[in-house]
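Me: I am new to this structure and would like to go through a few local details. Please show it first.

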Amino acid sequence: MKKRLLEKYWQGDTSAEEEDWLRKNTSLIDDDTDPAESAFFQQLQQFSELEMPADFGEQLMETIDRKEQGRKRIALFRKVRRIAAAVLVLVTLSVATYTLMQPNNDPILAEEEDPEKAYEIAKQSLLLIASKMEAGASFTFELDKFDEVHSKLRQESTSNKEVQPAVHNPTIKHQ
Amino acid sequence: MTRETFQKQILPLQHKLLRYALSLTSNRMMAEDIVQEVFLKLWDQRQQLDQIKQLEGWCIRLTRNKAYDKLRLHGNKTVELKLASGLATREEIPDKNTENKDLLEAIQAILQLLPEKQREIFRLKDLLGYSNTEIQEILDLNASQVKVNLFRARRKIKSKLILLENYGLKNEKTSS
């Protein structure tokens with residue numbers, strides 16, 4: 001039976017059960033089987049018995065749990081970050097809206113659609129500017145006058161200094 | 001996929017995946033790492049696993065890709081070649097690997113005899129115990145392709161065994 005099964009095996013016609021039987025029985029050393037063939041099936045049998053460490057499943061699930069916890073923490077951090085960003089955007093928007101909604105207290109200088117009234121306002125404004133400029137100009141005129149007087153006084157004082165020795169000399173001569 | 005389903009359906013594949021990774025790397029520690037990484041990846045993909053028709057085939061493919069990545073990272077199959085040629089010294093192999101060193105060398109020597117397609121079919125059939133139908137699905141081949149390649153692979157191994165047998169007999173005769 002073993003010989004017939006072996007022939008079937010090398011032809012590639014054996015079923016999974018027959019191959020399993022061959023691995024388990026042909027690996028046993030006996031007179032019927034070639035030693036090289038026997039060693040071959042023995043190696044297949046030994047190889048099929050190789051297994052992961054017994055606690056692998058347990059350790060794997062522990063690793064998975066640790067990974068999941070880490071992921072949850074990261075997810076929570078991301079959520080908090082997202083909420084903080086949303087709050088910041090909301091605060092900025094509300095501040096901006098509040099500022100924009102405030103009434104403008106700046107005086108309206110010329111917001112008149114009627115051309116005649118606008119002309120009047122412009123005219124008054126220009127007159128106001130002109131009067132201010134005039135006042136400024138008169139002030140500078142006074143300043144000019146002050147400068148003129150000041151320079152005249154200086155000139156006179158210098159000319160007096162030059163004349164003084166001529167006045168004193170005769171008195172010395174008289175003595 | 002729930003945690004319970006994962007433990008029931010996926011976790012039992014660990015030993016098969018280890019053997020598959022071992023047949024690719026010949027390195028026990030590397031093979032265990034590969035299996036762990038594959039399971040972590042499967043856990044991450046657990047929502048999509050229900051839609052996969054051939055789950056075992058999917059796991060096998062994941063393991064193969066991971067193993068190729070690792071081998072590329074560790075100097076392109078140097079471990080496999082060293083073990084296969086018997087060049088690896090005891091110091092070079094981590095302790096955990098030495099217990100199966102001879103067996104892995106022998107398996108690797110058999111696999112090295114075969115071209116890629118025959119090697120993959122031999123792996124799935126004789127090292128992992130898949131049926132021809134399952135191999136067809138995993139490798140996306142038809143029935144005759146699987147049968148022919150398996151026949152050729154076994155014939156090649158058988159001829160090598162005959163050579164070994166004759167060599168052994170000659171040695172016995174010369175020694176006597």
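Me: Is the crossing of H9(B) and H10(B) left-handed or right-handed?

Reply: This is a predicted model, where local features need pLDDT of at least 70, side-chain atom pairs count only at pLDDT 80 or more, and totals for chains, interfaces and linings use all residues. Residues are numbered from 1 along each chain as its sequence is written, and chains are lettered from A and ligands numbered from 1 in the order in which they are written. A crossing is left-handed if the near helix is turned anticlockwise from the far one by less than a right angle, and right-handed if clockwise. For H9(B) and H10(B) the crossing is right-handed.

Me: Which residues in H10(B) does H9(B) meet?

Reply: Contact requires C-beta atoms, placed from the backbone, within 7 Å. From H9(B), the residues are B:Glu120, B:Ile121, B:Leu124 and B:Lys125. In H10(B) they meet B:Ile135, B:Ile138 and B:Leu139.

Me: Is B:Ser26 buried or exposed?

Reply: B:Ser26 has a positive phi of about 60° although it is not a glycine. A residue is buried if 20 or more other C-beta atoms lie within 10 Å of its own, exposed if 12 or fewer, and partly exposed in between, with C-beta atoms placed from the backbone. B:Ser26 has 27 other C-beta atoms within 10 Å, so B:Ser26 is buried.

Me: Is B:Asp140 buried or exposed?

Reply: B:Asp140, not a glycine, has a positive phi of about 55°. Because B:Asp140 has 10 C-beta neighbours inside 10 Å, B:Asp140 counts as exposed.

Definitions and conventions
Helix = DSSP H or I, 4+ residues; strand = E, 2+ residues; numbered from the N terminus. Contact = placed C-beta atoms within 7 Å.
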